[in-house]
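This briefing walks through one protein model, topic by topic, for a reader who is new to looking at structures. Please keep the sequence and the 3D view at hand while reading.

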Amino acid sequence: MEGPIDVDVADAASLEALPGIGPALARRIVDDRAQRGAFGSLEGLGQVRGVGPRLLDRLAAHVTFSGSPRPPALHGRRPALPRR
């Protein structure tokens, strides 16, 4: 992996190159971004189901964000994405 990956624009294949992110989580990240917009920060990425504090710690040195930060989740809850 060369340099940090911009999670706000990366495709699923690029996200899979990150430590701790497999195909299912990469798709979930891309789907979340398509529904709710850019993450803008680690905190915004943490709003994706399956992305917790330990994974965020592992990712911190490997990611960057080009979008505006999302507002914090209400009461620590992540809004549900509509089912397809």
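Val 48 sits in the loop that runs between helix H3 (42-45) and helix H4 (53-59). In this predicted model, Val 48 counts as buried because its relative accessible area is 1%, which is under the 20% cut-off for that label. Val 48 and Val 30 stand 18 residues apart in sequence, and their C-alpha atoms are 9.8 Å apart in space.

**Another buried loop residue**

- Leu 18 belongs to the loop between H1 and H2, and with a relative accessibility of 3% Leu 18 is counted as buried.
- Although Leu 18 and Leu 59 are 41 residues apart along the chain, a separation of 7.1 Å is found between their C-alpha atoms.

**The overall layout**

- The protein is built with 4 helices and 2 strands, and reading along the sequence gives the pattern β-α-α-α-α-β.
- The protein has 84 residues, of which 33% count as buried.
- The protein exposes about 5,300 Å², and carbon and sulfur atoms supply 52% of this area.

**The nonpolar core**

- In soluble globular proteins, nonpolar side chains tend to be buried together.
- The largest nonpolar core here contains 18 residues, and those that touch the most other members are Val 7, Leu 15, Ile 21, Ile 29 and Leu 45.
- Two or more residues of this core are given by each of helix H2 (23-36) and H4.
- Setting aside residues up to four places away in sequence, Leu 45 touches Val 7, Ile 29, Phe 39, Val 51, Leu 56, Leu 59 and Phe 65.

- Side chains of opposite charge can pair when their charged atoms come close.
- How many salt bridges does a search of the whole structure find? The search finds 2, and salt bridges link Asp 32, Arg 36 and Arg 70 in a network.
- Asp 32 counts as buried at 2% relative accessibility, and Arg 70 counts as buried at 9%, whereas Arg 36 is partly exposed with a relative accessible area of 27%.

**Asp 8, a buried charge without a salt bridge**

- Asp 8 lies in the loop between strand S1 (5-6) and helix H1 (12-16).
- Which side chain of opposite charge is nearest to Asp 8, and how far away is that side chain? The nearest is Arg 33, at 6.2 Å, and Asp 8 is buried yet has no salt bridge, because a salt bridge needs the charged atoms to be within 4 Å.
- The side chain of Asp 8 does reach the backbone nitrogen of Phe 39, at 2.7 Å, and a polar atom of that side chain lies 2.6 Å from the backbone nitrogen of Gly 67.
- Apart from its neighbours within four places in sequence, Asp 8 is in contact with several residues, among them Arg 33, Ala 38, Thr 64 and Ser 66.

Definitions and conventions:
Residues numbered from 1 in each chain as written. Predicted model: local features only at pLDDT ≥ 70, side-chain atom pairs only at ≥ 80, totals over all residues. Heavy atoms only, no water. Buried < 20%, exposed > 50% of the residue type's maximum accessible area, 1.4 Å probe, protein only. Lys, Arg positive; Asp, Glu negative; His and termini not counted. Polar contact = N/O pair within 3.5 Å; in protein donor to acceptor, adjacent residues only side chain to side chain. Contact = heavy atoms within 4.5 Å. Areas by Shrake-Rupley, 256 points an atom, 1.4 Å probe, with all protein chains shown as cover. Core = buried A, V, L, I, M, F, W, Y, C linked by side-chain atoms within 4.5 Å.
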